[in-house]
Amino acid sequence: YSLPQLLEAIRPSYEAAKQHAAENSTDKVKRGVGLSIGIYGCGLDGVDSSEATVELTPDGVILYSSWEDHGQGADMGALGTAHKALEPLGIAPDKIKLVMNDTAITPNSGPAGGSRSQVMTGNAIKNACEQLVAAMGKPDGSFRTYDEMVTEGIPLRYTGKWTMSTASNCDLQTAQGSPFGVYMYGMFMAEVAVDTKTGKTTVEGFTAIGDVGKINNKLVVDGQMYGGIAQGIGLALSEDFEDLEKHTTMLGCGIPYAKDIPDKFDLYYIETPREHGPFGAAGVGELPLTSSHVAVINAIKDATGVRVRHLPAPDMPPLHQQRGVIHSRQRLALAIKRPQQAVPGVVDEQQHMGELKERLLPQLQPGRDARQHRFLRRPDQGGAARLIIIILQVNSKHQPHAPSRLGAALHQH
């Protein structure tokens, strides 16, 4: 559990970023800094296991595993773990041959998901290699050669198995349990600039500090962190898959471009050995997407006072510049927000609430929307949150898949 150390480690970067944001914010471009904490378990939510096999050959060692690779670096994970485990033999990495995912000859290593493979399959690889090292050992502390192993009839092939026996399934009634034996921890900091005219948010910098245990291969871990945080930026600002008619291509779904990812991108690590990880390692794959998007949203809040509650965060002009029909919940939330600081060009909130209620009243039927009608008839100005609820209730009840008359009324307002 390294969150206190992670918080202290990111403090200097955070203080410098806050000062930069304050010094460089203008009426046209607001800058802010957001933090978030990420925690994720390594495994399949309960008891999990994996297998791997090693075989001694005249030229070195063959490692058989089904550690599936979809770009995350399974080959380096397997090679790095095996090389470390075979260190007593002095075998160079180029003498370790990988046979991966040919399930006719490779054992069941389980799925490459849940950030489990470095822990589960890594431990299985470690176990298999340790069996081989033990079999090759001589009483004097040296090791048998391949020919000596054959001459003495000692097996050349060993299958390692490993089970996360300390984990347990969560109770279906209470949702409590101990689903993972190894966790990953991270701190994320986003620096954003928000154009107050268009609402366009740009991530200008990103800093992450991760604790993924003892690092197997830093370049691979860096790649996982860069890629996962890029996905987090897309999740926060552009990705949307909900409209099955509109979001039918990668472009239509709003995947981020290279230009959307900042050049100022700093990664740091605190290495806390994990008791149940192979040589102290944890996973890494899903850590960077645990909450990197939250850091971006928190930075928008810091810059503008606007709390975005539906992703992706929208681009939208200030209220007095809007035209057309409002189509989404997040636009409605922003349209009737309560800013924490004055924003030039945004109308006075109390005046706006009164006028907005008058716009909404004609759209409600007293019998059908009785509670909402009574609320809007109250003499006090009411709250923005309640107005959002009214709009969404009516919109979802009567026209769930189309812009509502209330939305049109808001834009006319």
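Predicted model: local features only at pLDDT ≥ 70, side-chain atom pairs only at ≥ 80, totals over all residues.
Reader: What makes up the chain, by helices and strands?
Author: The chain has 11 helices and eight strands. Of its 413 residues, 46% are buried.

Reader: How do you know that Gly-32 is buried?
Author: Its relative accessible area is 1%. Buried means under 20%. Therefore Gly-32 counts as buried.

Reader: Where is Gly-32, and what is it in contact with?
Author: Gly-32 sits in strand S1. Beyond its neighbours within four places in sequence, its contacts include Ala-21, Ala-190, Glu-191 and Ala-299. Gly-32 and Ala-190 are 158 residues apart in sequence. In space, their C-alpha atoms are 8.3 Å apart.

Reader: Why is Asn-24 called partly exposed?
Author: Asn-24 has a relative accessible area of 33%. Buried is under 20% and exposed is over 50%. The value falls in between, so Asn-24 is partly exposed. Asn-24 belongs to helix H1.

Reader: Which residues does Asn-24 contact, leaving aside neighbours within four places in sequence?
Author: Val-29 and Arg-31. As for Ala-193, it is 169 residues from Asn-24 in sequence, and 9.5 Å from it in space, C-alpha to C-alpha.

Reader: Why is Ala-175 called exposed?
Author: The relative accessible area of Ala-175 is 57%. The cut-off for exposed is over 50%. So Ala-175 counts as exposed. Ala-175 lies in the loop between strands S5 and S6.

Reader: What is the phi of Ala-175?
Author: Near 65°. That is a positive value in a residue other than glycine. Most residues other than glycine have a negative phi. Asp-45 also has a positive phi, near 55°. Asp-45 lies in the loop between S1 and S2.

Reader: What makes Lys-126 and Glu-130 a salt bridge?
Author: Their closest N and O atoms are 2.8 Å apart. The rule asks for a side-chain nitrogen of Lys or Arg within 4 Å of a carboxyl oxygen of Asp or Glu. The pair therefore qualifies. Lys-126 and Glu-130 are four residues apart in helix H3, so about one helical turn separates them. Glu-130 is partly exposed, at 36% relative accessibility.

Reader: How do you know that Glu-148 and Lys-138 form a salt bridge?
Author: The closest N and O atoms are 3.2 Å apart. The limit is 4 Å, so the pair counts. Glu-148 is in helix H4 and Lys-138 is in the loop between H3 and H4, so the pair ties together parts 10 residues apart in sequence. Glu-148 is partly exposed at 27%. Lys-138 is partly exposed at 29%.

Reader: Why is the pair of Asp-266 and Lys-264 called a salt bridge?
Author: The N to O distance is 3.9 Å. The limit is 4 Å, so this pair also qualifies. Asp-266 is partly exposed, at 28%. Lys-264 is partly exposed, at 40%. Salt bridges that share partners join Glu-191, Lys-264 and Asp-266 into one network.

Reader: How many salt bridges are counted by this rule?
Author: The count comes to 15.

Reader: How do you know that Glu-239 has no salt bridge?
Author: The nearest side chain of opposite charge is Lys-200, 13 Å away. A salt bridge needs 4 Å or less, so Glu-239 has no partner. Glu-239 is also buried. It lies in the loop between H5 and strand S8.

Reader: Which residues does Glu-239 touch, not counting those up to four places away in sequence?
Author: Among them are Gln-231, Cys-253, Ile-255 and Pro-312. Pro-312 lies in the loop between H6 and H7.

Reader: What makes the bond from Leu-311 to Pro-312 cis?
Author: Its omega is near 0°. Most peptide bonds are trans.

Reader: What lines the second largest pocket?
Author: The lining has 33 residues. Those nearest its centre are Gln-72, Gln-224, Val-284, Gly-285 and Glu-286. H5 gives the most, with six residues. H2, H3, H5 and H6 each supply at least two.

Reader: How does the lining divide by class, and how much space is in the second largest pocket?
Author: The lining has 13 nonpolar, 17 polar and three charged residues. The pocket holds about 530 Å³ of space.

Definitions and conventions: Residues numbered from 1 in each chain as written. Heavy atoms only, no water. 1 Å grid on protein atoms, 1.4 Å probe; cavity = no way out; pocket = protein on both sides within 12 Å on 5 of 7 lines; lining within 4 Å. Points joined across faces, edges and corners; volume = space filled by probe spheres on them. Nonpolar A, V, L, I, M, F, W, Y, C, P; charged D, E, K, R; others polar. Buried < 20%, exposed > 50% of the residue type's maximum accessible area, 1.4 Å probe, protein only. Lys, Arg positive; Asp, Glu negative; His and termini not counted. Contact = heavy atoms within 4.5 Å.
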